[in-house]
Amino acid sequence: MNENTLHRINKIRDKILSFHSALTVEIEKNQLLQKEVSDLKSKLNNLESEKMQLESSIAIMKDKATAAENKEIKSHHQSTIISDGKIDELINEIEYCINQLKNN
């Protein structure tokens, strides 16, 4: 073989080695990126699960708050009724005392 042919073969071999090296680097990068994607998908699933749990907790707390509000409104209404009854009692007692004072 002549020298020019050997020079071309060596040049082609160098390019092939260079491409092989670059391909190996890109394969390693791809593997790292695939692992990162897998990790991020796992984190996303965990966050979605946590979000669903928090939404469930919020719904339960809202229900409890509504129930407590309704209970307080009912309780307040009952205490108002009791207070009105006591007021009537006091008025009757005051009227009785006034009548007693007038008679004395």
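This note walks through the fold, the salt bridges and the surface patches of a predicted model.

1. Overall fold. The protein has one helix and zero strands. Helix α1 covers residues 3-103. Of the 104 residues, 0% count as buried. The exposed surface comes to about 10,100 Å², and carbon and sulfur atoms supply 59% of it.

2. Salt bridges in general. A search of the whole structure finds three. They are taken in turn below.

3. Glu26 and Lys29. Their side chains meet in a salt bridge, 3.6 Å from N to O. Both residues lie in helix α1, three residues apart, or about one turn of the helix. Lys29 is partly exposed at 44% relative accessible area. Glu26 is partly exposed too, with a value of 44%.

4. Lys35 and Asp39. Here the closest N and O atoms of the salt bridge are 3.1 Å apart. The two residues sit four residues apart in helix α1, about one turn. Asp39 has 37% relative accessibility, so it counts as partly exposed.

5. Lys51 and Glu55. This salt bridge has its closest N and O atoms 3.8 Å apart. Glu55 and Lys51 are four residues apart in helix α1, so about one helical turn separates them. Glu55 is partly exposed, at 43% relative accessibility.

6. Negative patch. Asp84, Asp88, Glu89 and Glu93 gather in a patch of negative charge on the surface. Glu93 belongs to helix α1.

7. Nonpolar patch. Leu90, Ile94 and Ile98 make a nonpolar surface patch of about 280 Å². Ile98 lies in helix α1. Its relative accessible area is 39%, so Ile98 is partly exposed.

How values were computed
Residues numbered from 1 in each chain as written. Predicted model: local features only at pLDDT ≥ 70, side-chain atom pairs only at ≥ 80, totals over all residues. Heavy atoms only, no water. Patch = residues over 30% accessible without salt bridge, like charges linked within 9 Å, V, L, I, M, F, W, Y side chains within 5 Å. Areas by Shrake-Rupley, 256 points an atom, 1.4 Å probe, with all protein chains shown as cover. Salt bridge = Lys/Arg side-chain N within 4 Å of Asp/Glu carboxyl O. Lys, Arg positive; Asp, Glu negative; His and termini not counted. Charge placed at Lys NZ, Arg CZ, Asp CG, Glu CD. Buried < 20%, exposed > 50% of the residue type's maximum accessible area, 1.4 Å probe, protein only.
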